[in-house]
Amino acid sequence: MRIRTKLFLSMGLLVIGVLFFFFFVTFVQFYLARDVAYFENREVFNSLEEEFEAYYGEHRSWEGVDRERFTSSGAFVEIALVADGATLYKQGSLSLSSLRNDGFPLMLEADGRKIGRLYVMDERQFKTYDFKRMWVDRLPIVARASLFFTCIASFITILILSWRMSVPIRKIMKGIAHMSTGMPETILPVRRKDEFGEIARALRSMNESMSALERSRKQLFSDVAHELKTPLMIMQGELELAQEMDTALTREKQASLLDEVLRLSRLVHDVLDLSRMEAGHEELRASTVNVVQLVDSVVDKTLFLAEDKEIVMEREGVEQLYAAVEKTRILQAIYNIVTNAIHYTSSGGKVIVLCDQVMHPSGRAGAYARITIEDNGAGIPPEELPLIFDRFYRADSSRTRLSGGTGLGLAIAKQNVMLHGGWIDVASEVGKGTRFELYLPMSEPHLTVDS
């Protein structure tokens, strides 16, 4: 069912409901006004009731009551006496059925038994009844006129409303059609202040996210292809040259080709590992370990890299910080950041690795093990700082494949830490160095602690 049809039906039901409401209110008001008039003039009603009861008590019957004139009857426009199903006394122009339905009933009693019933209307009650009868008599005319004019007004209103509603809907549908074809630019009524504007803004945000994911996917394919191209070309060139010269590969050439194969293997594994973590398909095999021992292990393994560049490496802080982690992943995260710090630090520089415990960092609840890796190297420009955890991003373009980097180290480190419920903060100043801070939720030391 179209919106316009729904609006017509809704408006029709509304008109009918309003008419029935007024009809109901009229009847309620009539009976309330009738009863209020009785309570305000109860003495007059009681006087008339007493006169009829006195007549019956004097004559021991209602015989001749229709010829009697009662003193209090002048205060009433309508009076009807009914006893044993017969009308014995009548005053006024209304029919007995109308008076029975709308008159105020008075019960007559004598010697403890019911002798009849009076139906009466004073002038105030009669005016209220007259208004009610006029309303009921004219209700069909009022209803038809109301329906006629309401239909005209409703038709105009619905046309305006449906037009105003259909315009943004058509724009949204057109924008969705553009989005389905992969068009990045879509026309949506995002400036509206109503629900259509909220829907349009949500669709635009979704489209932007999808476009960003698509760009990221294309960029990933491009980066992977670029990273694979050079080592493959090197190996192809070496093999083609050996084939053309009909010579065996020297040990140096074999070692060079093996390095390229290992580089390709590492790149493929890194891409697959990072993709699984970002997709949430990795399951942790965590155990409670002393994180400081993991840090010491990484420092020992990378010390020769620092010594080759005449860089001083220092490990400071506490000796025990327990956390439930998967050792290999946290070792990989720490190793990637430490080797990154060594690479970007010049000869004669310093890399400091600090382990300590912090409570409620950045407003988070609980205690965290913090691993700080700080160098006094080249630093990272502010505009590049938000990009360092992106895939294949290198802050220093001079760091190419020949230096061993895949451009995935920091991205993998971030995902590994986030997988454990932690995070990484980074601060840097060009010419003064960079500081990475890894935060991992702490746990109580276990009886069987891995070392």
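**View 1. The largest nonpolar core of this predicted model**. The largest nonpolar core has 37 residues, and those with the most contacts inside it are Val295, Ile334, Ile337, Ile371, Ile373, Ile424 and Leu438. Such a core is a set of buried Ala, Val, Leu, Ile, Met, Phe, Trp, Tyr and Cys residues joined through side-chain atoms within 4.5 Å, where buried means under 20% relative accessible area with a 1.4 Å probe and protein chains only. Among the elements giving two or more residues to this core are H7, H8, strand S8 (350-359) and strand S9 (367-375), helices (H or I, at least four residues) and strands (E, at least two) being DSSP runs numbered from the N terminus.

**View 2. Surroundings of Ile371**. Leaving aside neighbours within four places in sequence, Ile371 is in contact (heavy atoms within 4.5 Å) with Val291, Val295, Ile334, Val353, Leu354, Phe436, Glu437 and Leu438.

**View 3. Helix H7 (residues 291-308)**. The end C-alpha atoms of H7 are 27 Å apart, which agrees with the 26 Å that its 18 residues should span at 1.5 Å a residue, the expected span being 1.5 Å times one less than the number of residues. A kink of about 45 degrees is centred on Thr302, the bend being the angle between axes fitted to the seven residues ending there and the seven starting there. Thr302 is also buried, as are Val295 and Val298. Just after H7, Glu310 takes a positive phi of about 55 degrees.

Residues are numbered from 1 along each chain as its sequence is written. Local features need pLDDT of at least 70, side-chain atom pairs count only at pLDDT 80 or more, totals for chains, interfaces and linings use all residues, and side-chain values use heavy atoms, with hydrogens and water left out.

Methods. Buried means under 20% relative accessible area, exposed over 50%, partly exposed in between (1.4 Å probe, protein chains only).
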